[in-house]
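These are my notebook entries on one structure. I set down what I looked up, in the order in which I looked.

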Amino acid sequence: MLLRIIQNPARIALCYAPVAIAGAPKGEETEVELARTRAVSKRFGAVEAVRRVSCVFRSAEIHAVCGENGAGKSTLLKLVAGMTGPDAGEIVVGGRPLDPHTPREAIRRGVAMVLQHFALVPAFTVLENIVLGSEPVGPFGVLDRGVARARAAAIARDLGVKLPLDARVEALGVGDRQRTEIARALFRDARLVILDEPTAVLTKAEALALYVTLRRLADGGKGIVVVTHKLDEVRAHADVVSVMRRGELVFTRPLDRTAGLDGQIEEVTAAIMGGAGRLRAAGDGGGSAADARSPRGAGAGEAGEAGVAGEDGVAGEDGAAGEEAAGEAVLVVTGVDAGGVLADVSLSLRAGEIVGIAGVEGNGQKELVELLAGDIAPARGTLVVGRTAIIREDRQSEGLVLDASLRDNLVLGELGRFARRGMLDLVALESEARKRLERSGAVRGPHGASASGSPPASGSPPASGGALDLDRPARTLSGGNQQKIVVARALARNADVVVAAQPTRGVDLAASLDIHADLVAAAKRGAGVLVISADLDELRKLASRIVVLARGRIVGEVPPTASDDALGRLMLGIAARADASDASAADGTRPRGAPP
Amino acid sequence: MSALDVIVSGTMLAQTVRMTIPYACASLGGVLSERSGVVNIALEGILLASALAAVAVQGVTGSAVAGLLAGVVAGALVGLVHAALVVRGRVDAIVSGLALNLALGGGTRFVLRALYGSSSNSPSVRGVRFGEGLGLFARTALDPFVLSTLAVAALCAWGLARTRFGLRLRACGEDPSAAQAVGVDVARTRLVAVTLGGAVCGLGGAALAFELHQFQAGMTGGRGFIALAAVIVAGWRPWPAVGACLAFAALDALQIVLQNQTRVPAQIFAVLPFVATLLALAVVSRRSAGGGAPAGIGKHPA
């Protein structure tokens with residue numbers, strides 16, 4: 001997956017241009033240290049999220065912080081932004097130790113963080129959100145709305161973006177929300193802007209636009225920190241890369257753009273992956289822990305490369321599996337209109353096959369999922385479908401009950417299976433939940449490493465060891481592990497049709513690979529799998545054919561080998577089918593910031 | 001005079017306006033508190049406490065202004081206690097409010113007995129004498145309580161929309177985590193908001209006591225809860241809350257007239273305001289969009 005991104009010359013040229021021009025003249029003398037951590041540690045319960053990390057963040061550069069889910073990268077930066085206090089060590093912001101550890105103090109010293117789940121007040125307008133916390137006021141604390149508006153407009157101009165200042169944030173898309181967050185950071189004169197997984201929710205075009213904006217800010221002297229696990233973004237945009245693994249900083253180094261990038265990125269990959277951490281169910285015990293402590297050890301490099309090779313191997317297998325399969329149809333959609341968006345959709349899915357749905361977000365993907373889930377009925381046409389399991393796009397609101405235990409989440413919606421005469425068979429429920437949790441591979445966190453190393457024996461003792469803690473609320477898992485729970489539950493139903501909507505969005509590389517393997521296994525078992533994703537590489541890797549959805553219609557079907565360019569044209573509806581009747585509907589669905 | 005004549009009379013209108021004041025002050029206090037994200041069912045208790053404080057202080061000092069201030073301060077204090085329990089102590093706001101209502105219901109009786117040796121009512125006080133020489137209209141329109149209630153309503157509406165404190169208060173109510181993330185001190189903002197709300201509600205308590213020229217045990221008779229309903233009906237907005245209170249007060253005034261003018265058992269009319277509240281809430285709670293509750297109500301910042 002990774003290599004394929006890298007080898008696409010057209011995209012790199014596109015991403016690269018601003019970097020190559022702007023990044024080069026930045027010498028050491030113009031870079032000022034904005035923040036640094038000194039041997040900082042933070043623990044949450046039994047988990048040491050950040051362990052003795054020392055890291056420097058400078059002005060006029062884009063600093064990418066990489067690592068798997070739960071590696072501690074968000075926690076590290078929340079420490080820098082004053083959102084949480086350290087247990088040990090020191091955080092120096094603006095030349096002095098940060099004290100008190102509050103966002104207010106961090107902001108005062110010029111550090112602002114844009115969170116993954118935006119910290120905007122939905123009911124407020126964009127302008128209100130931008131000024132909140134550092135409002136320009138006249139006498140008696142009366143808001144000076146003229147000044148607020150003028151400054152916000154100036155910031156939007158500097159960013160090179162349009163901001164609907166009077167629109168309520170709840171009515172905006174993610175791209176606008178993110179721009180609002182960035183504008184807010186600048187409104188309070190932030191010199192170091194930290195973004196947590198900024199592109200996780202963006203389309204490719206929006207992500208590109210974001211990096212153009214970020215580069216503009218870095219050129220203007222701001223320090224930019226981007227928490228990400230997308231290595232193609234690191235490769236294309238970062239000036240400095242740091243890698244966190246299991247709470248430790250294992251790698252931090254500038255990217256030398258004059259030298260070959262492949263090798264450098266491979267080193268980053270190796271640092272992220274660590275030792276044998278990739279292999280599910282195989283032991284990742286003592287050896288990898290030792291690796292974690294030796295910064296970019298030679299051994300880690302090798303293991304990482306092996307990992308990348310393995311990944312390609314999986315991809316190859318998938319393709320083969322997809323082509324061989326020719327079972328009976330498990331899903332037949334014929335001429336369906338639904339949800340006011342889908343129009344004349346026809347689609348079929350055979351047992352054992354993986355079909356990808358590509359498209360710019362908001363072109364009917366949501367409605368397609370709702371249709372297959374039975375949330376909405378077709379207004380026209382027919383839908384023949386076998387037993388269906390859905391992996392919803394928004395795991396936090398639709399996939400999980402965050403405050404309920406893993407046990408409850410793992411059997412959610414299937415209580416009937418465990419009920420006898422109205423009483424729950426708790427023993428059966430417990431053992432099924434345990435089985436699913438083990439299969440999901442979700443709870444293999446820092447403290448679970450040794451316990452999950454050995455394959456679980458049947459009738460293993462109850463979780464006194466704490467490794468497989470079914471009582472843990474789902475909220476306490478990282479995003480990737482939450483998603484693994486959702487996937488495990490969906491696949492445990494042995495459904496005929498598996499619909500996976502953005503199955504790896506906001507999920508780290510290792511978890512993504514696990515989830516991909518799960519979906520492939522489901523297809524091998526005989527399910528028809530429909531993968532709806534904004535990530536073309538994901539679709540290419542998994543699907544045997546890719547169906548493109550634009551403006552609620554299926555505009556084409558291509559093999560996974562189709563070029564980005566061809567797919568992009570289809571997705572934007574440029575190829576042929578833009579008849580006049582669609583024009584009005586198109587306004588609402590047109591991607592923001594799409595390249596011409 | 002027939003019942004209808006009384007109902008459409010100027011006296012009745014003036015009565016309605018005066019009866020609106022305790023409701024309106026309590027609901028404005030509720031708006032301030034709840035827009036900051038703290039549910040306030042303690043309005044009933046605040047009305048009681050401030051009514052007693054107003055009567056007791058005027059009784060001692062003979063000054064209406066001192067009594068009024070005492071009422072406001074008592075309300076603010078109860079608000080502060082509620083806020084401290086909820087914001088600092090992380091006590092559930094319903095539990096805290098319920099506890100305050102019970103404690104103040106009993107506490108005011110206890111103080112009443114201790115001060116005046118009566119379990120039902122205080123000796124009468126002068127209250128606020130105003131506009132003896134004026135006509136009914138001027139006397140009502142220029143009543144200090146009416147004017148101050150209108151001023152408070154205007155200040156609330158304007159302050160929430162146009163001041164830094166108002167913006168932060170609303171942010172705490174809509175999304176406390178977001179507010180905290182941008183450096184708003186959520187706990188402090190809520191403490192101030194709920195205390196201010198208590199003070200405004202206390203103004204209503206003093207008005208209620210001065211209207212009747214005495215304190216009576218349990219004299220609020222559910223006004224705090226009806227004011228809370230008005231807050232909900234009004235979608236947590238100050239002026240509509242005053243409007244809703246005016247409607248409830250009109251029913252209240254009506255039921256008094258009907259009790260006196262007809263032979264129907266008084267209890268039937270006495271339930272009128274409550275039935276109306278029930279109906280209004282039933283209708284409003286079905287309303288899906290617009291003027292909804294603050295989204296962060298009852299939530300603490302992460």
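**Entry 1: chain B**

I began with the order of elements along chain B, which reads α-α-α-α-α-α-α-α-α-α-α-α-α-α. I counted 14 helices and zero strands in this chain; helices (H or I, at least four residues) and strands (E, at least two) are DSSP runs, numbered from the N terminus. I noted that the model is predicted: local features need pLDDT of at least 70, side-chain atom pairs count only at pLDDT 80 or more, and totals for chains, interfaces and linings use all residues. Residues are numbered from 1 along each chain as its sequence is written, chains are lettered from A and ligands numbered from 1 in the order in which they are written, and side-chain values use heavy atoms, with hydrogens and water left out.

I then looked up burial, where buried means under 20% relative accessible area, exposed over 50%, and partly exposed in between (1.4 Å probe, protein chains only). Of the 302 residues in chain B, 52% are buried. The accessible surface of the chain is about 12,900 Å², and carbon and sulfur atoms account for 67% of it; such areas come from the Shrake-Rupley method with a 1.4 Å probe, and for residues only the protein chains shown count as cover. I also looked up contacts (heavy atoms within 4.5 Å). Among those in chain B between residues at least 6 apart in sequence, 78% join residues at least 24 apart.

**Entry 2: chain A**

I repeated the look-up for chain A and found 22 helices and 21 strands. Buried residues are 54% of its 596 residues. Chain A exposes about 24,600 Å², with 55% supplied by carbon and sulfur atoms. Among its contacts between residues at least 6 apart in sequence, 71% join residues at least 24 apart.

**Entry 3: nonpolar cores**

I next looked for nonpolar cores, that is, sets of buried Ala, Val, Leu, Ile, Met, Phe, Trp, Tyr and Cys residues joined through side-chain atoms within 4.5 Å. The largest has 77 residues, and those touching the most other members are A:F57, A:L77, A:L192, A:I194, A:L214 and A:I224. Helix α8 (residues 204-219) of chain A gives the most to this core, namely six residues. At least three residues come from each of domain 1 (1-110 + 191-204 + 216-291) and domain 2 (120-189) of chain A; the domain bounds come from an automatic or database domain assignment.

Which residues does A:L77 touch, not counting those up to four places away in sequence? I found A:F57, A:V65, A:M113, A:I194, A:V225 and A:V227. A second, separate core has 51 residues, including B:V6 and B:M19.

**Entry 4: strand β20 of chain A**

I turned to strand β20 (residues 545-550) of chain A, where six of six residues are buried. In a regular strand the side chains alternate between the two faces of the sheet. On one side of β20(A) I found A:R545, A:V547 and A:L549, and on the other A:I546, A:V548 and A:A550, all buried.

I then listed its partners; two strands pair if DSSP finds at least two bridges between them. Strand β13 (residues 354-358) of chain A runs parallel to β20(A), joined by four bridges, and A:I357 stands opposite A:V547. Strand β21 (residues 553-558) of chain A runs antiparallel to β20(A), with five bridges, and A:A550 has A:R553 as its bridge partner. The hairpin of β20(A) and β21(A) has two residues between the strands, and A:R551 takes a positive phi near 50° there.
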